[in-house]
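Me: I should like to learn how to read the main features of a protein model. Could you take me through them in order?

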Amino acid sequence: MPRSRSHSRYAPDRGLTTRMVTTMFLIGLLYVVFVGVLLALLKNAWPVVLLFAGILFVAQFWFSDRIAAFSMGAREVTPEQAPGLHGSVDRVCALADMPKPRVAIADSDLPNAFATGRNERTALVCVTTGLLRRLEPEELEGVLAHELSHVAHRDVAVMTIASFLGVLAGFMTRAALYTGLGRTSRDSSTAIVVILIPLVSAVVYVISFLLTRLLSRYRELSADRSAALLTGRPSALASALTKVTGEMARIPTKDLRRAEPFNAFWFAPAFSSRESLSRLLSSHPTLEQRLDQLGRISAQLGRA
């Protein structure tokens, strides 16, 4: 039987749990309001609205991790194909007392890593070839401990569900704008619907986006903290962070642009421009914030 998160040796984070519960409540409330507005505006199409929302939610929850892994080029590898990587994963899992996830490698010079999966049984941890080339074994274990913390704390599943409403709202906005709903009708009520659907969808998308970004930044700090405490080597994780962030500037812009949509999954965000608006609405805290926290943890462990 797989061990539950309560038996993992990762340090519990009540702040993360509170934020996840709060975000899920607000996202759920927003979802109910959004679907209610759609049903009120599209009175004759309510079965389609409910069916579409249900199908999209199931697809988002069950397949989003596989789609993300496929999109980022993750290729599952065996211990024979990648003995060093599997050895590092085995050591982290032994420290954490948690089941071993599937292990994958993405053929990319972008130095990064990510974890996906609804729970420990479906988890997959992936590192890029660029990361493997650049990090020392202790640094790699720090990154893997960070990624497995996301699995242990279940925040990967929460982020998957939380992002669903933004996906639905974004789709409804595009559908209303590009399908020509009501263009051939002179009915004033239909014209109002055409205006309101993209407007309401856009507002819902912005709110859900901001809520998930706030949660995402905290969960990254939480994963750093949990990984540092688990391994007892915050300096190794800090070194990995510094290397990865510094190497991003050497990655071709086209590769960064390809990776940017998946920033919420990555160990460190990829930005195609230093002045990018993405930095203001980033899924990750700044490097300075992450290093400051690791420095404090290192000092605490030194005094212990």
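Predicted model: local features only at pLDDT ≥ 70, side-chain atom pairs only at ≥ 80, totals over all residues.

Reply: Residues are numbered from 1 along each chain as its sequence is written, and side-chain values use heavy atoms, with hydrogens and water left out.

Me: How many helices and strands are in the protein chain?

Reply: Helices (H or I, at least four residues) and strands (E, at least two) are DSSP runs, numbered from the N terminus. The protein chain has ten helices and four strands. Their order from the N terminus is α-α-β-α-β-β-β-α-α-α-α-α-α-α.

Me: What share of the 304 residues in the protein chain is buried?

Reply: Buried means under 20% relative accessible area, exposed over 50%, and partly exposed in between (1.4 Å probe, protein chains only). Buried residues account for 48% of the 304 residues.

Me: How should I read helix H5?

Reply: An α-helix has 3.6 residues a turn, so residues three or four places apart point the same way. The expected span of a helix is 1.5 Å times one less than its number of residues. For the 16 residues of H5 (residues 137–152) this should be 22 Å, and the end C-alpha atoms are 22 Å apart, which agrees. Of the 16 residues of H5, 14 are buried, so the helix is largely enclosed by the rest of the structure. Arg154, which follows H5, has a positive phi, near 65 degrees.

Me: Where is Gly28 found, and is Gly28 buried or partly exposed?

Reply: Gly28 belongs to helix H1 (residues 14–41). Its relative accessible area is 29%, so Gly28 is partly exposed. Gly28 and Ala162 are 134 residues apart in sequence, yet 8.3 Å apart in space, C-alpha to C-alpha.

Me: Which residues line the largest cavity?

Reply: Rolling a probe the size of a water molecule over the atoms shows where empty space is left. On a 1 Å grid over the protein atoms alone, a cavity is a set of points where a 1.4 Å probe fits but cannot get out, and lining residues have an atom within 4 Å of a point. The structure holds one cavity of 30 Å³ or more. Its lining consists of Phe61, Ser64, Asp65, Thr116, Gly117, Arg118, Val156, Thr160 and Phe265. Helix H2 (46–71) and helix H6 (155–178) each give two or more residues to this lining, and H2 gives the most, with three residues.

Technical notes
1 Å grid on protein atoms, 1.4 Å probe; cavity = no way out; pocket = protein on both sides within 12 Å on 5 of 7 lines; lining within 4 Å. Points joined across faces, edges and corners; volume = space filled by probe spheres on them.
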